[in-house]
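Dear colleague,

I am handing over the structure below for your attention.

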Amino acid sequence: MPTILEVNNLVTRFYTLDGVVHAVNGVSFHLEEGETLAIVGESGSGKSVTMMSILGLIPSPPGKIESGEAYLYDGYERRDLLKMSDAELREIRGGQIGFVFQDPISSLNPVLTIGEQIAESLVRHLGLSREEARDRTIELLDLVGIPDPKARYRNYPHQFSGGMRQRVMIAIAIACGPKIVIADEPTTALDVTIQAQIVELFLRLQKELGMAIIWITHDLAVVSGLADRVLVMYGGRVAEVAPVDDLYEQPRHPYTVGLLGALPRLDSRESRRLVSIQGAPPDLLIPLKHCPFAWRCEYAFDRCWEEIPTLQPAGLNRKVACFYDLERGKPRHD
Amino acid sequence: MTDPNNVLVRVENLKKYFPITGGLFGRVVGAIKAVDGITFEIKKGETLGLVGESGCGKSTTGRAILQLHRPTAGKVFFEGVDLTSLSREELRRMRPKMQMIFQDPYASLNPRHSVGKIVGEPLVIHNLMSGNALKERVAELLLLVGLNPAYMRRYPHEFSGGQRQRIGIARALSLNPSFIVCDEPISALDVSIQAQVVNLLQDLQEQLGLTYLFIAHDLSMVKHISHRIAVMYLGKIMELADRNDLFDDPLHPYTQSLISAVPTPVPKLERVRQRFILTGDPPSPANPPAGCVFHTRCPLAVEECRTLVPEYREIRPGHYVACHLADEAGSSKIITEVIPLSV
């Protein structure tokens, strides 16, 4: 599939009173048309800041995008999102790129009806009349599985449950037929049965509408059934990216191995001891000159303390940023 | 019933209603039935997992057992003593034996107190130690939970979430309790840190012979840490069984759908897995449905379920369920294979 989004060497920092937070330190990845890319990482891994940078949603100050490119492809044309004006970005957000955040209650306006909030985006981006926007909104509410959409059009956010609000957010995200939907922890605040409903909804919408999805999460279990590829982030860098089966079955980065080992398994009768990764993630106030995972890594050797590993090809369609070759059980030579 | 000598906590028909007030004079106009008549036992040395979705009453249950919320009705026996009949002073003397670990390691530690003061405070309150003995005990506790005793003079903001949770655990252990209610102790932590805390809780249980009530919404983690598991829905226990029994043969349709909704980190399994996804949201505990509280979302519900409250009964040794459709032979399944075991 052709590439629709290409991010190169993105660096985002926050200049705070405590010092410079090195949130994103050279992140590169691409997204193909119609695929689902899961971005997995713990708090402070830079996964959300990466996406906010691309969408032009980093508050500045204190935030600053120091370098990088984020090309949005449209056929043979490409435009760099990081070089766009605010007005251009507003056209892209909610237009070609839809997004869904973790907490639907703080993303919705409490004094506007649900219908008005969805219709607003249709009038703004697609130039529909009020009547057309209203009809389309009711179709969208139906599409995301909200019962009795005509009556619900006039309801306010507080009249919806958490799961229903997230459906409304999804309706807004897909309203203008985006090519990309970025979902930042869209199910984290929800109960497990509601989470399953939302995952199912995303899978159905993608089949019907064909958009590419970037699904940001801390939970490797949630995305195992819906991602095509998985990108693991650590300390503001990409640790590993691979097709979904390869990543879960043969992780190539020691951090991914640790994350998978830390998960209890529902599909096993034996209760093995969980593998815990010792220590805590790096302090982003300190610029690193070595692998950010080195002091938690059981395979770390001299080189890991001397330079920062870059993302290198490691098999078909996969890359890893690690000097140790887990497959062969010895340091990598390159 | 199990050997009574082996039972540490026995909960009988426990209810906790919170009043809803309304109108100009704040009259009581209704009640939130947070916990509505539950009965179970916790055996010495075991971990009983309590799972359910938000609002099902699992945290209220934990607090009502410790008498942090005085129950509306029902009894809670701890080592044979009915806690609901005790005065405040009598309860205070029982408290050292039963402690709690809280969900939010940021909100449950006083930011103005040093770690030494936080961990040592229960010992001071109960007039058990002071001076050097207190300091030594705090150092010992910090070591026990994997923290450097030198951290005693530091303050909570200097610690990460996982370390704060260790401080909370050290505080809970300070009085040598036999029973600890763990209320979502790992939900606020990152995955790699969750495993550290769960391993610590398991090690401490083995070392000190602790009994846990482990409250959580994460079914995979509850399965991992618990010996037996109780599933709650809208203030009632739907099913209670040994861990493997519950997952191998869940008898209640709610348990079945709950298990089927939990994702696993196995892409090949996820692609072929049957799921039964419940529609809608749980009803409000202020106005629970008549009959079986689950009937509004149950795909198997029959007329009986809408009118008659199912009895919570022991259907096989150690396997309790509240469903009209379950019998000794098993139950109707909403899907044939709830959780296929991978190789």
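**The interface of chain B and chain A**

In this predicted model, 43 residues of chain B are in contact with 42 residues of chain A. Within chain B, the greatest loss of area to chain A falls on B:Val191, B:Pro265 and B:Ile277, which together account for 16% of what that side buries.

The size of an interface is often given as the accessible area lost when the parts come together. For chain B and chain A the area buried between them is about 3900 Å², with 56% of it on carbon and sulfur atoms.

Turning to polar features, 15 residue pairs are in polar contact across the interface of chain B and chain A. Several helices of chain B each supply at least two residues of the side that touches chain A: helix 6 (191-208), helix 7 (219-225), helix 8 (243-248), helix 9 (253-261) and helix 10 (267-272). Helix 6 of chain B gives the most to that side, with 8 residues.

In a salt bridge, the side chain of B:Lys268 meets that of A:Glu249 at 2.9 Å, N to O.

**A residue in strand 2 of chain B**

B:Asp36 is found in strand 2 (residues 27-43) of chain B. B:Asp36 counts as buried because its relative accessible area is 13%, under the cut-off of 20%. Leaving aside residues up to four places away in sequence, B:Asp36 touches B:Leu14, B:Lys15, B:Tyr17, B:Gly235 and B:Lys236.

Yours sincerely

Technical notes
Residues numbered from 1 in each chain as written. Chains lettered and ligands numbered in written order. Predicted model: local features only at pLDDT ≥ 70, side-chain atom pairs only at ≥ 80, totals over all residues. Heavy atoms only, no water. Contact = heavy atoms within 4.5 Å. Buried area = accessible area lost by both parts, 1.4 Å probe. Salt bridge = Lys/Arg side-chain N within 4 Å of Asp/Glu carboxyl O. Polar contact = N/O pair within 3.5 Å; in protein donor to acceptor, adjacent residues only side chain to side chain. Helix = DSSP H or I, 4+ residues; strand = E, 2+ residues; numbered from the N terminus. Buried < 20%, exposed > 50% of the residue type's maximum accessible area, 1.4 Å probe, protein only.
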